[in-house]
Amino acid sequence: MATPEQAPIEEKQSLPPSDSEQKHEPEDAKYVEVQNTELALALASGPKLKATSARSIQLFAILLVAFMGSLSNGFDGSVMSAVNGMEQYLDYFGINSQDSGGGVGTTTAIIFAIYNIGMIAGVFFAGPIADRFGRRGGMFIGGIIIIVGAVVVTVAKGVPFLLGGRFTLGFGVTITTTAAPAYVVEMSPPQWRGRLTGLYNTFYYSGSILCTGITVATGRNSSTLSWRLPLALQIVPAAILAGFAFFLPESPRWLVSVGRNEEALKILAKYHGEGDENAPLVVLEWKEFQEGVKLDASDKRWWDYKELVNTRNARYRTFMMLLMGFFGQWSGNGLGYFLPILFGAAGANTQNQRLTLNFANTIVSASGALIGTSLTDKVGRRKMWFWGTLACSGTLAIVTGCTAKWGSTGANPAGANAAIAFIFIFGFVYSIAYTPLQALYPAECLHYNTRAKGMATYALAVSCASFVNSYTGPIALERIQWRLYIVYVVWDLFECVVIWFCAVETKGRTLEELDEIFSDPHPVRASTTKQKLALVEGHPA
């Protein structure tokens, strides 16, 4: 099979020139700081990808199908939050609400938590499925399982039906959220990877907005349609994902891993080099594929997870992945399942008012996610993670004070409104930092040969953390009410310390180039160190 040849690139020293060298440089030389000179040289040498080109638009349409994996996940988190605040749903299933604005107590805790148990069960199948059948196969199988679970919860006649359907939903979501983000991060050109993969997770809010908006309208219906229709909508994104999965091109990295090199190179050139197999970026990535993707690695053995921990490099990658898994769920967003209850505690006294606020909060959070996605490749992952978490702690501290002093007593409507406003602001700042990073950062940190199993392990971490949130949340709200905020305020400050000292920066490098960061004795320092590159009229000097 023919392989691309490196186009000639005239490269000068990547460090600042000495005085003697400076006089030999062209007068119009411009020095720029970059994370990795090889990638910077490849991008500067062209051809440059244009977002408006036919190939790029085709790539965006392809990735849009994969985004349905995130959208279907967004349906569950938001629709159950809204449905749990409906009197029609609570009365039909005989669930206790204690006049708190939504279901609380043990039954509600089990209904919410069984979804996470299904996710945990799915972990043991998600990685092997994505490795054995490809990223497209994982998206297809996961989508079919989600459809089955959504049908069961929609036609539920009792709590056992709800439990069975939500377990099945969780099982399917684990498979799609293993395969889909891995597909997006592997198909995206490195210079767009942060924004495109961040946009994948931002689609969580597309499902949220649709569901919470519909529940505002259906909540006025006195029949079971009020909650059955929103639950049924979970079928739509899963059906799109399953129906179109095998019309998509497969991940080039997966194709290389199974020996289908010629097919992989054509796909890589088509979407990363405007069809040119000799484009510098394609040449660089292809060389790294050949060096980094192993034909006999653990991704060929469904039972073998040892490459996640068998070297210092692998252990640090896994550590970063697990940090995002647990911190992403324990920074306060776990309260999102119970937003109607929180709005009730802050002074929203009618069901329609609480559902409307829930819908508005989703829109505010979605706007934060879009802003965060646009900043990912500019600001960097590490800075967004640290400052976003610090802002989460601050906003929750203000919510705590306002809710404690005024809350639902009605003593001060302005104070209650301030509490609601800062619940909105918390959702906004959380979404700026975490929504883009939750899919992007763990997929970036993992090596190709462990990415599917690593993302399944990430789903396990998320499921365990979410289980703690969803099971203890209703019980804590029943017993300690607004004081639950204090736990998150303190924990977020602890997270900031860990992020500052441990989190590596991943922007500005190809996925394979991150290997040198994780192999360095000081990964954080290595990831934040920049090199200088000389450019003349936009090209390497």
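Biologist: Which residues of helix H11 are buried?

Modeller: This is a predicted model, so let's read it with that in mind. Helix H11 covers residues 235-244, and its buried residues are Pro237, Ala238, Leu241 and Ala242.

Biologist: What about helix H8, is it mostly covered or mostly open?

Modeller: Mostly covered: H8 runs over residues 193-202, and eight of its 10 residues are buried. Among them are Arg193, Leu196, Tyr200 and Asn201.

Biologist: Okay, now zoom out. How many helices and strands does the protein have?

Modeller: The count is 23 helices and three strands. The protein has 541 residues, and 59% of them count as buried. As for who touches whom, take the contacts with a separation of 6 or more: 82% of those are between residues 24 or more positions apart.

Biologist: Where is the confidence lowest, and where is it highest?

Modeller: Helix H1, residues 19-22, has the lowest confidence, with a mean of 46, while helix H6, residues 134-154, has the highest, at 96. Over residues 1-23 the pLDDT is below 50, and this stretch has 35 contacts in the model beyond near neighbours in sequence. The general idea is simple: where pLDDT is low, the predicted coordinates should not be read in detail. For the protein as a whole, the average pLDDT is 82, and 82% of the residues score at least 70.

Biologist: Let's go into H6, then. Is Ile146 buried or exposed?

Modeller: Ile146, which lies in helix H6, is buried, with a relative accessible area of 2%. Leaving out residues up to four places away in sequence, Ile146 touches Ser72, Leu169, Gly172, Val173, Thr176, Gln234 and Ala238.

Biologist: How far apart are Ile146 and Ala242 in sequence and in space?

Modeller: They are 96 residues apart in sequence, and 9.7 Å apart in space, going from C-alpha to C-alpha.

Biologist: And why does Thr154 count as buried?

Modeller: You check its relative accessibility against the cut-off, and buried means under 20%. Thr154 comes out at 14%, so Thr154 counts as buried. This residue is also in helix H6. Setting aside residues up to four places away in sequence, Thr154 touches Trp227, Arg228, Leu231 and Ala232.

Biologist: Last topic, holes inside the protein. How many cavities of 30 Å³ or more are there?

Modeller: The count is two cavities of 30 Å³ or more.

Biologist: Which residues line the second largest cavity?

Modeller: Its lining is made up of Gly292, Val293, His447, Tyr448, Arg451, Leu511 and Glu512. Sorted by type, the lining of this second largest cavity has three nonpolar, two polar and two charged residues.

Technical notes:
Residues numbered from 1 in each chain as written. Predicted model: local features only at pLDDT ≥ 70, side-chain atom pairs only at ≥ 80, totals over all residues. Heavy atoms only, no water. Buried < 20%, exposed > 50% of the residue type's maximum accessible area, 1.4 Å probe, protein only. Helix = DSSP H or I, 4+ residues; strand = E, 2+ residues; numbered from the N terminus. pLDDT = per-residue confidence, 0-100. Contact = heavy atoms within 4.5 Å. 1 Å grid on protein atoms, 1.4 Å probe; cavity = no way out; pocket = protein on both sides within 12 Å on 5 of 7 lines; lining within 4 Å. Points joined across faces, edges and corners; volume = space filled by probe spheres on them. Nonpolar A, V, L, I, M, F, W, Y, C, P; charged D, E, K, R; others polar.
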